[in-house]
Amino acid sequence: MPALTPIPADESLVDYAHERPELIAQIRRLVNELSLLRSEMDALQQRRRADAAVNDLTDTLRSVGEGRIAALSQAVLAWLAGQFGAVQSTIYIYNPDRGVLERAARMGISHELPELLRPGEGLTGQAYKSGRGFYTDLMRLATTAGTGRVQLAPTAVAVEPLIEQQQAFGVIEMAFIDAL
């Protein structure tokens, strides 16, 4: 980059810039570089927020302790509610000895859910069996979430398999009042 020379005191900036087109080109390059830097900073800030959320979840999981799947599952559901606004959620974990998905935790659900599901049964069992998640913003559930006086029906549902080393070990269901 060529060195900038000071503007003589007897010239205006406009006159000086018109007489030196390389100065305008240099200013444009600087503006473009600043714009790229700003985009990189925005991406870095988003990455930091995502890293902070993951660290927060990791801290939550560590605070629960090992070997307590129900408490761990409940902590995960609470964290997801805070991060994504799920008003209802459930975690099922596969029990290989029994060949079924067992409900490990639920949040925001006032009616009874099945304790056990077979792989392939309903969206939850399908997500487990296929290893693929499902999302719909059109489904109206028969369940409601609310305080007892006001009842709200979820309008969006996400069902995702929990996968480790390319093998599903459970499923999480999340219901939302608004679409994701």
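Good morning. Tyrosine 94 is partly exposed, with a relative accessible area of 25%; buried means under 20% relative accessible area, exposed over 50%, and partly exposed in between, using a 1.4 Å probe and protein chains only. Tyrosine 128, by contrast, is buried, at 11%.

Before I go on, a note on the model. This is a predicted model, in which local features need pLDDT of at least 70 and side-chain atom pairs count only at pLDDT 80 or more, while totals for chains, interfaces and linings use all residues. Residues are numbered from 1 along each chain as its sequence is written, and side-chain values use heavy atoms, with hydrogens and water left out.

I return to the two tyrosines. How many aromatic pairs does a search of the whole structure find? The search finds one. The rings of tyrosine 94 and tyrosine 128 have centres 4.9 Å apart and planes at 20 degrees, so the pair is stacked. For this term, ring centres must lie within 6.5 Å; planes under 30 degrees apart count as stacked, over 60 as edge-to-face and the rest as tilted. Because tyrosine 94 belongs to strand 1 and tyrosine 128 to helix 4 (residues 122-130), the pair ties together parts that are 34 residues apart in sequence.

The protein has four helices and eight strands, taken as DSSP runs numbered from the N terminus, with helices (H or I) of at least four residues and strands (E) of at least two. Their order from the N terminus is α-α-α-β-β-β-α-β-β-β-β-β. Of the 180 residues, 28% count as buried.

Next, the strands. Strand 1 and strand 2 pair in the antiparallel sense over seven bridges; pairing requires that DSSP finds at least two bridges between two strands. Tyrosine 92 stands opposite arginine 103 in strand 2. Four residues lie between the strands of this hairpin, where glycine 99 takes a positive phi near 70 degrees. Strand 2 is mostly covered, with six of its eight residues buried. Two bridges also join strand 2 to strand 3 (residues 116-117), and these two run antiparallel. Here leucine 101 stands opposite leucine 117.

I turn to the interior. In soluble globular proteins, nonpolar side chains tend to be buried together. The largest nonpolar core has 16 residues, and among those with the most contacts inside it are Val76, Leu80, Ile172 and Phe176. Such a core is a set of buried Ala, Val, Leu, Ile, Met, Phe, Trp, Tyr and Cys residues joined through side-chain atoms within 4.5 Å. Which elements each supply at least two residues of this core? They are helix 3 (69-84), strand 1 (88-95), strand 2 (100-107), strand 7 (156-164) and strand 8 (167-176). Helix 3 gives the most, with four residues. A second, separate core of 11 residues includes Ile109, Leu117, Ala127 and Val157.

Isoleucine 172 touches, among others, Val76, Leu77, Thr90 and Leu162, leaving aside residues up to four places away in sequence; contact means heavy atoms within 4.5 Å.

Finally, confidence. The mean pLDDT, the predictor's confidence in each residue from 0 to 100, is 76, and 71% of residues reach 70 or more. Where is confidence lowest, and where highest? Strand 5 (residues 145-146) is lowest, at a mean of 48, and helix 4 is highest, at 91. Over residues 141-147 pLDDT stays under 50. Thank you.

How values were computed: Rings of Phe, Tyr and Trp (its six-membered ring) pair if their centres lie within 6.5 Å; planes under 30 degrees apart count as stacked, over 60 as edge-to-face and the rest as tilted.
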